[in-house]
Amino acid sequence: MRKNLSLYIVFALLFAFAAAAQEAETAALEPAAETTAALEPALDEASYEDAEIVDYESPQVYADQVHMIQPPEDIEAPATRFSQENITIKPALTDTLAENAPENAPSTLPLPDIKGTWVEKLKNVSFKGDGGEILPDVGVVEKPAGESLEGMVQSSREQTNSRRSNASVFDISGLMLRMSLEQALSVMQNRGFQKVSEKMQIPNFIKWRNEESCRNEGVVGYERLANCTIMKAKKDGHQYAESVNFAKYSTKEEISVNLTSNFTKNKVYKIIYKSGAANITGNSQKAVYIRNIKIYDFWKKINQKYGVPDNKEEVVWGLGDGKPYMHAKTGFLLLEDPMLRELDYTRMSREDQRYMNTDLYSF
């Protein structure tokens, strides 16, 4: 009973305290409401009807009443800070190329070294004598213009519409048609190229005859038969370098040289040049700009060295009709002598006919 009575007393005290707090809060808010109501003007419906409408004009500001704020004297004006004298303009890539170019640069590239080549005969021989015979150039006979090597190259550069280029005197990085392998290796070494690979070959009709001869001698097995065939070809002087590849890694250049067989003294009949300098990927403004600069420089040097092509649509120099020609496209050059290749095939065919005279039949 006492326990219940104590609970009733506690609840009664809590209700009493809550009622007292609510009354105190109500008393604190009433003066603020009265003060707010006193500050507001008492306007009834009649006062709204009697009120006059006043048109307030926007204030006018006159020029003599405006005071401009002057900057401090120690601060430099923007026009002075960004004047033409204080701005440093960095040169573009084309300006740098123009400044670094030599003033007295030759308009044409120098001719290669032709010492010991068949082209040297063109330089040291005068084709028109008094009786029409070929005369050696000993310093007495004056050769007409255009008959020396320099004259032939110059005439091919300054050709007219009725005259075609003589691609047999063209060169690619110093390599010329009908050079020997030793001369090609020497030229490439002087130009900074390295030999990457060399492929040796034996004419098929000789290789097949050597295989038959080795089998008759009792050689068995694929590897032994191949070694025997190669040894016989080397002994007879029929093995030759068919192709040699060169590379210049600093400039991303590659040159492939194809040579004839030993029946025509293993001479160069095809030269293929490739450059990866213009192969720049990407479509950004920088990639497009650099790629266009390198392509323009490639064709500018082509025009300086070889002149205008005879066939502008296919970009081909040459006399036509199976004679030596040169074909060009961006980053690619092809110099070929089809006549020398055909001569090599003809001599191999004659050699093959000579082997036909055998003593296998005695009837």
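Is T260 buried or exposed?

## The setting of T260

T260 counts as buried because its relative accessibility is 0%; buried means under 20% relative accessible area, exposed over 50% and partly exposed in between, with a 1.4 Å probe and protein chains only. This is a predicted model, in which local features need pLDDT of at least 70 and side-chain atom pairs count only at pLDDT 80 or more, while totals for chains, interfaces and linings use all residues. Residues are numbered from 1 along each chain as its sequence is written, and side-chain values use heavy atoms, with hydrogens and water left out.

The loop between strand 7 (253–259) and strand 8 (268–275) holds T260. Helices (H or I, at least four residues) and strands (E, at least two) are DSSP runs, numbered from the N terminus.

## Contacts of T260

The side chains of T260 and T264 are joined by a polar contact of 2.7 Å. A polar contact is a pair of N or O atoms within 3.5 Å; within protein, one must be able to donate a hydrogen and the other to accept it, and residues adjacent in sequence count only if both atoms are side-chain atoms.

Not counting residues up to four places away in sequence, T260 touches Y240, A241, N266, K267, Y269, L340, R341 and D344. Contact means heavy atoms within 4.5 Å.

Seven strands form an open sheet in the order 5-6-7-8-11-10-9, with antiparallel pairing; two strands pair if DSSP finds at least two bridges between them. Its edge strands, each pairing on one side only, are strand 5 (194–201) and strand 9 (316–318).

Strand 5 and strand 6 (residues 240–248) run antiparallel and are joined by seven bridges. S197 has N245 in strand 6 as its bridge partner.
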